[in-house]
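Trainee: Please take me through the ligand site in detail. I would like the contacts, the surroundings and the chain elements involved.

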Amino acid sequence: MMLPHFFTPETESTNELITRKMQQEELAEGFMVHTDFQSAGKGQVGNYWESEKGKNLLFSLVIYPHHIFIAEQFIISEIASLAVVKVLEQYHKHFTIKWPNDIYWKDKKIAGMLIENSLTRDRINYSIVGIGVNVNQEKFTSDAPNPISLKQIVGKSIDRKALLADIHRGFLSLYTTTTLQEIHHLYQKKMYRNVGRYNFKDMGSQEVFRAKIETVAPNGKLTLLTEQGVRKSYYFKEVAFLD
Ligand code: BTN
């Protein structure tokens with residue numbers, strides 16, 4: 001059974017659509033909108049999100065996490081990432097979360113999310129969680145470096161409706177039944193390259209260094225430990241993973 005949702009064949013962006021809908025009517029917590037095509041799908045940092053018509057999952061849901069402090073808002077990214085990975089793991093193994101919230105299969109990106117929070121004082125008023133999952137697309141034409149779809153991984157077409165219902169349900173179940181501490185713990189366990197040393201690039205100084213992931217703080221800040229034993233902490237986009 002599908003939880004409360006709204007489908008439209010085409011829209012500019014489901015994040016925009018749900019925000020507009022919220023201004024017109026009261027949307028229950030967990031309400032979701034989805035589409036087959038976005039004419040202006042939004043990626044992280046103003047990028048464009050490529051998605052061939054009718055092939056993938058493009059959806060946004062709203063929650064009202066009044067209990068979450070602004071300083072812990074990264075927890076919503078963690079819930080969304082874990083929900084997607086958990087469902088994808090029913091199809092194959094090797095899925096991880098590339099900090100902060102890209103979903104990877106081996107070294108390729110299968111899903112991304114754009115979370116937009118409305119803040120009041122020190123808490124979150126509402127949160128729009130927009131998720132794009134590459135499901136049945138077989139050719140990618142944008143300059144996104146390393147896309148992959150679930151069909152390319154498992155070798156057959158996937159029922160998008162069932163996948164969407166599972167992620168929607170999984171997200172709400174994690175959100176309502178799991179403690180923030182447990183979510184944070186599960187997130188760190190599922191992180192891409194969380195074991196061993198890798199090359200990173202400091203986007204400020206452009207320095208390349210070898211380090212291991214030490215921890216992620218509840219506010220999303222990533223701490224790396226270099227081979228020389230130096231700790232370096234970064235917010236999103238301040239550091240890049242190198243191949
Ligand atoms: C990224 O760059 O990794 C984030 C991609 C987020 C894409 C999804 S698709 C559904 C929702 N609507 C949007 O316009 N963006 C998000």
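**The ligand site**

Mentor: Start with Ser13. In this predicted model, a polar side-chain atom of Ser13 sits 2.7 Å from an oxygen atom of the ligand. Now the cover. Taken alone, the ligand exposes 410 Å². The protein buries 98% of that.

Next, the shell. The ligand is surrounded by 20 residues. Ser13 and Gln38 are among the closest, together with Lys42, Gln44 and Lys109. By class, the shell holds 11 polar, 6 nonpolar and 3 charged residues. The space the ligand takes is the largest pocket.

Which elements each supply at least two residues of the shell? They are α1 (14–24), β3 (57–63), β6 (108–120) and β7 (123–133). Of the contributors, β6 gives the most, with 4 residues.

Last, a look at Glu52. This residue is found in the loop between β2 (32–38) and β3. Glu52 has 33% relative accessibility, so it counts as partly exposed. Along the chain, Glu52 and Gln38 are 14 residues apart. Their C-alpha atoms are separated by 8.9 Å.

Technical notes:
Residues are numbered from 1 along each chain as its sequence is written. This is a predicted model: local features need pLDDT of at least 70, side-chain atom pairs count only at pLDDT 80 or more; totals for chains, interfaces and linings use all residues. Side-chain values use heavy atoms; hydrogens and water are left out. A residue is near a molecule or strand if one of its heavy atoms lies within 4 Å of it. A polar contact is a pair of N or O atoms within 3.5 Å; within protein, one must be able to donate a hydrogen and the other to accept it, and residues adjacent in sequence count only if both atoms are side-chain atoms. Accessible areas come from the Shrake-Rupley method with a 1.4 Å probe; for residues, only the protein chains shown count as cover. On a 1 Å grid over the protein atoms alone, a cavity is a set of points where a 1.4 Å probe fits but cannot get out, and a pocket is an open set with protein on both sides within 12 Å along at least five of seven lines; lining residues have an atom within 4 Å of a point. A molecule sits in a cavity or pocket if more than half of its atoms lie within 2 Å of its grid points. Ala, Val, Leu, Ile, Met, Phe, Trp, Tyr, Cys and Pro count as nonpolar, Asp, Glu, Lys and Arg as charged, and the others, Gly among them, as polar. Buried means under 20% relative accessible area, exposed over 50%, partly exposed in between (1.4 Å probe, protein chains only).
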